[in-house]
Amino acid sequence: METAASGTPEASARFPERLDDAEVRLLSLATRPFPPGLTEPDPGGEERWDAARVWAHLAEFPHYWVGEVQKILASPTGDPVPFGRTADDAGRNGAIERDRLLPPEELWLRVRTGIEEARTYAAGLSQADRERLGLHPRRGAVSVAFVLDQFVANHLEEHAAQLEGLAG
């Protein structure tokens with residue numbers, strides 16, 4: 001279920017600013033060696049990762065969620081379509097395990113590319129596009145604006161905080 005702030009026109013208007021802020025935070029971390037230790041879990045989650053896994057996840061999820069928004073908007077009837085994944089998704093976990101071995105510079109390039117893709121794509125959406133609904137396997141019916149707010153911007157912020165915590 002959407003929260004009061006998520007998916008609103010106000011939240012949509014702040015989306016580019018939130019991406020900018022997350023990108024600045026992540027850039028400051030990208031220039032450092034990966035710190036040791038494990039993250040605290042995401043809110044409501046159980047996974048604890050080393051920094052390489054966090055960076056691998058950051059490198060893959062903005063692009064993934066833009067594709068899922070495209071899937072929602074491609075529905076010819078406008079009816080909510082199933083989209084998304086959960087933490088146990090094999091493709092998600094496989095990408096994280098594979099890409100955690102990439103050099104930090106490559107991961108940072110992918111993170112920046114994903115953020116820019118999300119920023120550019122969201123800028124081209126109409127209010128009607130933002131209001132379209134998809135059916136997430138855990139969250140149920142949510143709007144495109146919610147997907148961008150929670151699964152892109154909020155998730156970037158959560159992982160930036162995890163990396164900041166590891167870096168001290």
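**Close-up views of a predicted model**

**View 1. T86 sits in the loop between strand 1 and helix 3 (90-99).** Helices (H or I, at least four residues) and strands (E, at least two) are DSSP runs, numbered from the N terminus. This is a predicted model, in which local features need pLDDT of at least 70 and side-chain atom pairs count only at pLDDT 80 or more, while totals for chains, interfaces and linings use all residues. Residues are numbered from 1 along each chain as its sequence is written, and side-chain values use heavy atoms, with hydrogens and water left out. With a relative accessible area of 17%, T86 is buried (under 20% relative accessible area, with exposed meaning over 50% and partly exposed in between; 1.4 Å probe, protein chains only). Look for the polar contact of 2.3 Å that joins the side chains of T86 and D88; such a contact is a pair of N or O atoms within 3.5 Å, and within protein one must be able to donate a hydrogen and the other to accept it, with residues adjacent in sequence counting only if both atoms are side-chain atoms. Leaving aside residues up to four places away in sequence, T86 also touches R92, P137 and R138 (contact means heavy atoms within 4.5 Å).

**View 2. Three strands form an open sheet in the order 1-2-3, with mixed pairing.** Two strands pair if DSSP finds at least two bridges between them. Strand 1 (81-82) and strand 3 (140-143) are the edge strands, each pairing on one side only. Strand 1 and strand 2 (residues 133-136) run parallel and are joined by two bridges; V81 has G134 in strand 2 as its bridge partner.

**View 3. The largest nonpolar core has 41 residues.** Such a core is a set of buried Ala, Val, Leu, Ile, Met, Phe, Trp, Tyr and Cys residues joined through side-chain atoms within 4.5 Å. Helix 1 (9-30), helix 2 (51-73), helix 4 (104-123) and helix 6 (144-167) each supply at least two of its residues, and helix 2 gives the largest share, 13 residues. L26, W55, L58 and L156 have the most contacts inside this core. Start with L26: not counting residues up to four places away in sequence, L26 touches W55, L58, W108, V111, I115, L156, A160 and L163.

**View 4. G114 is found in helix 4.** This glycine counts as buried, at 4% relative accessibility. From C-alpha to C-alpha, G114 and A160 are 15 Å apart in space, and they are 46 residues apart in sequence.
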